[in-house]
Amino acid sequence: MIKNRIYSPGPVDVSPVTALEMARPIIHHRTKQFEAVIAEVLEGLKTVFQTKGDVILFASSGTGAMESAIVNTCSPGDKVLCIRGGKFGERWSNITKAYGGAPVNLDVPWGKAVDPRAVEEALAKDPSIRAVCVQASETSTGAAHPVKDLGAVVRRREKTILIVDAITAVGVMDIRTDEWGLDVVVGGSQKAFRLPPGIAFASVSEKAWKHAAEAKMPRFYFDWAREKKNLAKNTTAWTPAVSLIIGLRQVLAEMRAEGMDAVFARSSSYARAVREGMRALGLVLFAGDNPSDSITAVCAPEGMNADDIVKHLAKKYGITVAGGQDAAKGRIFRLSHMGYLDALDMITCVAAVEMTLRDLGHKVQLGAGVKKAQEILV
Ligand SMILES: *Cc1c(COP(=O)(O)O)cnc(C)c1O
């Protein structure tokens, strides 16, 4: 028998309590009963996003909310500075192009963080840039970009907003939307919010609303203004993902009960335990200088294909993790610190990597990574 465990950076494991909440009989969304759910969820989201501004929710995957951020704030022809340090950074550029915008790409080597000075220079050179787009946590490489510093750079510029994809950050990492001047923060259900896939969020600052009033890119389903009007009445423009929103209410209640500082401290200690556990095995981290606390990308040992590690973990130990994409394919495997997880899941994950490396013929001292992780988590 194999017990299946999911430690991939999205979708992540969902708690049985949340799953049962979502299994209740469906209710109609145009009812007082569901309006109360929306009201509660909007309050909870503001706490997690650390904002007094609006948080809009969509029945879509995370990319839908990313698309909403571009089409609601930009016009065709607008220049958008896209920080490309991985697969998701590239997505900003692709969305911008698809809607007739003009991406200005700032390429960062995969695994590295952007230097805020490079953004400052790009904006000084071309003040007409309408938005800067970045990832708080670049899931494809395991790197964290310095969004606080970017907020300090962009907030000084009246005509430019900062759009942050925080799909693997907001909910597990300390993202101070208002304090840091993050104009749009995008979140998603199946990662940091430990729900199944299907809902996504975008917070919108006053400055971003001003952009929205002028923005001419076509939009319909993802029109923020229409959603804002509806959310003010605790309802949504279109049929919402009722069951997922009921699950979200449960997750937000759990976050409130635990306390956000404790939530952040927990993912940070999980990340540290796994990073140090991997290093104790002699493995190299793909984003070792600036790692995200929601996901760790580990380089396969010399001569080994990371995809073989991923396959073996699944086949022999029932553990789902992610491999690398595009430029990192075959080179890395990625472990999540998000979801319905506890410290012993991190130990299990490290132990399974040790056993897999041994199975595949790599010299590894069994227990060395586990010991290091235990010392951090104890
Ligand atoms: C997963 C992810 C996305 C895309 O989200 P989907 O839900 O797959 O559309 C975007 N950005 C980051 C950083 C992600 O991790």
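Good morning. I begin with helix 12, whose buried residues are A306, D307, I309, V310, H312, L313 and Y317. Please keep in mind that we are looking at a predicted model.

What do these buried residues of helix 12 pack against? Their partners are strand 12 (319–320), strand 13 (322–323), strand 14 (332–336) and helix 13 (343–359).

Let us now consider the length of the helix. Helix 12 covers residues 306–317, which makes 12 residues.

Just after the helix comes G318, which adopts a positive phi of about 70 degrees.

Is S140 buried or exposed? Its relative accessibility is 0%, and buried means under 20%, so S140 counts as buried.

Which polar partners does the side chain of S140 have? One is the side chain of E138, joined to that of S140 by a polar contact of 2.6 Å. Another is the backbone nitrogen of K87, which the S140 side chain reaches at 2.9 Å.

Finally, there are the wider surroundings. Setting aside neighbours within four places in sequence, S140 is in contact with G86, K87, F88, W110, Q325, I332 and R334. Of these, I332 and R334 belong to strand 14 (332–336), against which the buried residues of helix 12 pack. Thank you for your attention.

Key. Residues numbered from 1 in each chain as written. Predicted model: local features only at pLDDT ≥ 70, side-chain atom pairs only at ≥ 80, totals over all residues. Heavy atoms only, no water. Buried < 20%, exposed > 50% of the residue type's maximum accessible area, 1.4 Å probe, protein only. Polar contact = N/O pair within 3.5 Å; in protein donor to acceptor, adjacent residues only side chain to side chain. Contact = heavy atoms within 4.5 Å. Helix = DSSP H or I, 4+ residues; strand = E, 2+ residues; numbered from the N terminus. Expected span 1.5 Å × (residues − 1).
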